[in-house]
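Hi,

Here is the structure I promised to pass on.

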Amino acid sequence: MRTVKQQSWSVFVMVMSVALVSLVGCETNPYTGRSQLLMTSVSQEMQMGAQAYDQVKSDPKMRPSQDPREIEPVKRVAARIVEAAKRSKYAEMANQFQWEVTVIKDDKTPNAFALPGGKMAVYTGIFPMAKTEAGLAAVMGHEVVHALARHGAERMSQGQLTNAGLQVIGTAAGAAGGGGMLGQAAMAALGVGAKVGVLLPFSRKHESEADYIGILLAADAGYDPRESIALWERMGQVSGGGAPSEFMSTHPSHETRIDQLKKWMPEAMAIYQTKPPVPAALLPSVQ
Ligand SMILES: [Zn+2]
């Protein structure tokens with residue numbers, strides 16, 4: 001005879017298994033053909049992205065810049081990248097996102113992120129590395145692809161298969177119901193781990209995908225995609241001083257990254273050459 005407790009446990013396990021199986025989905029990246037295991041829906045991810053953004057913005061250390069010389073160029077580049085995303089193979093999702101960008105006044109942290117749902121942040125510490133609006137377009141193109149290609153969601157889905165990810169299941173379920181705070185694991189998976197002191201670097205595959213599709217978006221937005229190479233060369237010369245940044249993670253190595261970018265450049269240049277060029281204005285901190 002099984003006890004009531006054992007029976008309710010087996011019912012619980014059965015319900016959870018059904019719930020998990022129904023959530024499992026396989027997607028194919030429209031640019032690279034890579035197949036991705038995803039256990040969350042886009043709307044669930046958008047909700048989590050919005051929650052993570054609120055959490056970042058509520059941190060008193062994340063002071064938004066009040067300087068129009070810092071805000072305006074970021075807004076210009078973001079708007080052009082978003083327009084390009086809306087013409088891309090991710091058009092459907094890009095049109096669904098509620099895009100927003102914040103400039104965080106933190107000269108020591110060379111970082112930027114874009115969350116599922118289109119919430120973006122650029123730290124002023126990235127300006128010396130981006131140097132021009134075209135360099136910033138390479139940064140933002142890269143970040144926007146992490147969101148559009150559902151890299152955070154993929155990390156959460158991979159996490160769900162491990163013990164370490166159990167915390168993510170809980171938070172994902174909580175986020176679906178609205179309200180509540182996202183846990184560290186979810187924040188880290190979404191790419192804002194620096195906020196909670198955990199840096200979970202994106203995988204090498206995610207980074208390469210973001211670099212590749214990112215330069216196609218930047219080129220389509222009218223920015224010279226060759227600036228991405230100059231950007232990564234500058235990244236290679238500095239070591240981060242502030243909070244951990246995904247740009248300071250070392251995989252792929254800067255050399256591998258630059259080699260790959262050179263290989264993809266003809267495709268990006270072919271797009272760029274059909275676009276009216278956008279002036280590569282200098283960013284404020286390097287003027
Ligand atoms: Zn990245």
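**What I found**

Before I go on, a word on the model: it is predicted, so local features need pLDDT of at least 70 and side-chain atom pairs count only at pLDDT 80 or more, while totals for chains, interfaces and linings use all residues. Residues are numbered from 1 along each chain as its sequence is written.

Some terms, too. Helices (H or I, at least four residues) and strands (E, at least two) are DSSP runs, numbered from the N terminus. Axes are lines fitted to C-alpha atoms, for helices over the stretch in contact, and angles run from 0 to 180 degrees between N-to-C directions. Residues are in contact if their C-beta atoms, placed from the backbone, lie within 7 Å.

Five bridges link E3 to E5 (residues 119-123) in the parallel sense, and Val103 stands opposite Val122 in E5.

**The helices**

H6 (residues 133-148) also meets H3. Their axes come within 9 Å and cross at roughly 50 degrees. On the H3 side the contact includes Pro73, Val74 and Ile81, which meet H6 residues including Leu136, Met140 and Val144. By class, this contact has 11 nonpolar, one polar and two charged residues; Ala, Val, Leu, Ile, Met, Phe, Trp, Tyr, Cys and Pro count as nonpolar, Asp, Glu, Lys and Arg as charged, and the others, Gly among them, as polar.

How do H6 and H10 cross? Their axes come within 7 Å, at roughly 125 degrees, and the two helices are therefore oblique to each other. The crossing of H6 and H10 is right-handed. Among the residues in contact are Ala137, Gly141 and His142 of H6 and His206, Ile213 and Leu217 of H10. The classes here are nine nonpolar, five polar and two charged.

H3 (residues 68-87) packs against H10 (residues 204-220) as well, at an angle of about 105 degrees and with the axes 8 Å apart. That makes H3 roughly perpendicular to H10. Ile81, Ala84, Ala85 and Arg87 in H3 meet Leu217, Ala218 and Asp220 in H10, a contact with five nonpolar, no polar and two charged residues.

**And a hairpin**

Strands E1 (residues 25-28) and E2 (residues 35-38) run antiparallel and are joined by four bridges. Gly25 has Leu38 of E2 as its bridge partner, and Thr28 has Ser35. Six residues lie between the strands of this hairpin, where Gly33 takes a positive phi near 75 degrees.

Cheers

Technical notes. Pairing = 2+ DSSP bridges. Parallel < 35°, antiparallel > 145°, perpendicular 65-115°, else oblique. Contact = placed C-beta atoms within 7 Å. Left-handed = near helix turned anticlockwise from the far one by under 90°.
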